[in-house]
Amino acid sequence: MELTILILLLPFFSFLILGIGGKWMSHRTAGTIGTLILGAVAVLSYVTAIQYFSAPRLEDGTFATLIPYNFTWLPFTETLHFDLGILLDPISVMMLIVISTVSLMVHIYSFGYMKGEVGFQRYYAFLSLFTMSMLGLVVATNIFQMYLFWELVGVSSYLLIGFYYTKPAAIAASKKAFIVTRFADLGFLIGILIYGYYGGTFGFTPDTVSLISGGASMLPLALGLMFVGGAGKSAMFPLHIWLPDAMEGPTPVSALIHAATMVVAGVYLVARMFPLFIAYAPNTLHMVAWVGAFTAFYAASVACVQSDIKRVLAFSTISQIGFMMVALGVCTSMDPHEGGLGYMASMFHLFTHAMFKALLFLGAGSIIHAVHSNEMSAMGGLRKYMPITHWTFLIACLAIAGIPPFSGFFSKDEILAACFQYSPVMGWVMTVIAAMTAFYMFRLYYGIFWGKENKELHAHHTPHESPLAMTFPLMFLAVVTCGAGFIPFGHFISSNGESYSIHLDPSVAITSVVIAIISIAIATWMYKNAKQPVADSLEKQFKGLHKAAYNRFYIDDIYQFITHKIIFRCISTPIAWFDRHVVDGFFDFLAWATNTTSDEIRGLQSGQVQQYAYVFLCGALALILLLIL
């Protein structure tokens, strides 16, 4: 455990080396340095996980919470101070595995995908900075340290999304992501300040004395504001608008940031504060569930009609993050047997989703690399040209659809079971969304690998399988996706920390699998063949609905209207006029008055001694006369 500090320091040093000295390195050298250092981080993370989970449990049946490093940075009172350190508990150790594994695969994959790109060294430097930031976030010992790394994650994601800074779309997307998440982070910061003031500490366990003296009544507000920050990072409705546009960044970046790491930061935040939600803000937690459910349904609806493969995966990610939020939100206690199952289910789905969604994004990158387009119209029939990409993509689609024995089935089944325990309405809502997931993922699969082949485009540029640097991560993640569902996840992570044996609910499992198979069958019927009369007919019949869904139900346009037509025109423009004419005018008047007055009285300081003596004598005579009279 003494080497855990290197998990943070190594990627930071990699960022400095590549950021400062990268311009003197070849692409191969820079990529090798970044990948080898990340490999070392991954090894250290796995060693840490093995040591942590193989250690004996405490008397109460839980794993110990370890803090191998911690120091006080800014002290305020005996209990209120800013600390920096490393905290190891089941969920932080699990996140170390997720982040280091996916990041390492992205580093390897980028060797092939980014080959020959201008700024290759800069790209690897930014990857290292992002990885360090995300690792620092998950091992934070207190909420303020989490906020520091939270902001670093935002900055590094801005740099990666805007990597192609010569493209206006990439610049706009990076600014959009930065600004939207900044507004959300303002809520997070206010929540932290309220929590620190009324809870008496920035630690994850509030001060008992402060709570007794009335602080407990403010915790629901503080936790609700913290969730606003998490909703921004995790692209929950209505703060989701940045994520689809963020696909303008390189595809490996999408796999790292928008599938496995940054977008689950909000889920991790709610999980980290979970005991406080259960004890002091259960209604706020249930609000999280309904926000997650609506977000999941909205994103799944939009994903069903998108033609850009990366945008389909982006909305799929939003929907799956909604599943994780719902799982946390439906919990009613810390006991996994009585209302706390959703906590384990959420973390399990976070783990499995990270692997198969990274596989989907990297598979999409392989396809884009072959056809030089994101649009499904440029694809079709690619299974003949790209067998490895085809089979690995199919495995990921089966996993996200919830088909056994792939990992997504096990984690999604636990989420649905937790939802049915909470409310049959929530259970059926999430079951319908799971069916939509299976439908739009196989619509995507058939559109890429079956369907109508674009022979004209393929004749001009014959698609080909990607090099080993790109296919190895695909095969590795496919193997993990096949086997991760059999990990006894409940033995490592549960709501109360005790060992929990996962057991499938037959009624829920059978229902979800049958519905998923029906959804896949419908997608096969509609999209497998070159001609798609059913899909075309439905598009014409529900033209208005299709257009609205394709345009994301005009949420971006609403934001544009509110910001430009209302805020800018009705608020910002009057304020700007007041600033230019009233505020600036007042200070201009002061300057004019001072200048004019000085012009009038400047004769009093002429520099002539005779004049000064004359005025002095006149003043003295006037005083004498005044005294005499």
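Visitor: Are Phe120 and Tyr124 buried or exposed?
Guide: Both Phe120 and Tyr124 are buried. Buried means under 20% relative accessible area, exposed over 50%, and partly exposed in between, with a 1.4 Å probe and protein chains only.

Visitor: What am I looking at, and how are residues numbered?
Guide: This is a predicted model, where local features need pLDDT of at least 70 and side-chain atom pairs count only at pLDDT 80 or more, while totals for chains, interfaces and linings use all residues. Residues are numbered from 1 along each chain as its sequence is written, and side-chain values use heavy atoms, leaving out hydrogens and water.

Visitor: Where do Phe120 and Tyr124 lie?
Guide: Both are in helix H4, residues 120–138. They are four residues apart, about one turn of the helix. Helices (H or I, at least four residues) and strands (E, at least two) are DSSP runs, numbered from the N terminus.

Visitor: How many aromatic pairs are there?
Guide: A search of the whole structure finds 36.

Visitor: Why is the pair of Phe120 and Tyr124 called tilted?
Guide: Their ring centres are 5.0 Å apart and the planes are at 45°, so the pair is tilted. Rings of Phe, Tyr and Trp (its six-membered ring) pair if their centres lie within 6.5 Å; planes under 30 degrees apart are stacked, over 60 edge-to-face, and the rest tilted.

Visitor: Which residues do ring pairs link into a cluster?
Guide: Phe111, Phe120, Tyr123, Tyr124, Phe163 and Tyr164.

Visitor: New topic. What lies over the face of Phe323?
Guide: Lys412 does, at 5.2 Å from the ring centre. Elsewhere, the charged end of Arg443 sits over the ring of Tyr527, 5.7 Å from its centre. The rule: NZ of Lys or CZ of Arg is within 6 Å of the ring centre and within 35 degrees of the ring normal.

Visitor: What about His286? Which helix is it in?
Guide: His286 lies in helix H13, residues 282–303. His286 is buried, with a relative accessible area of 15%.

Visitor: What is His286 in contact with?
Guide: Leaving aside neighbours within four places in sequence, His286 is in contact with Gly329, Cys331, Thr332 and Tyr422. Contact means heavy atoms within 4.5 Å.

Visitor: And the whole chain? How many helices and strands?
Guide: The chain has 26 helices and two strands. Of its 629 residues, 55% count as buried. The C-alpha trace spans about 115 × 70 × 55 Å along its principal axes.
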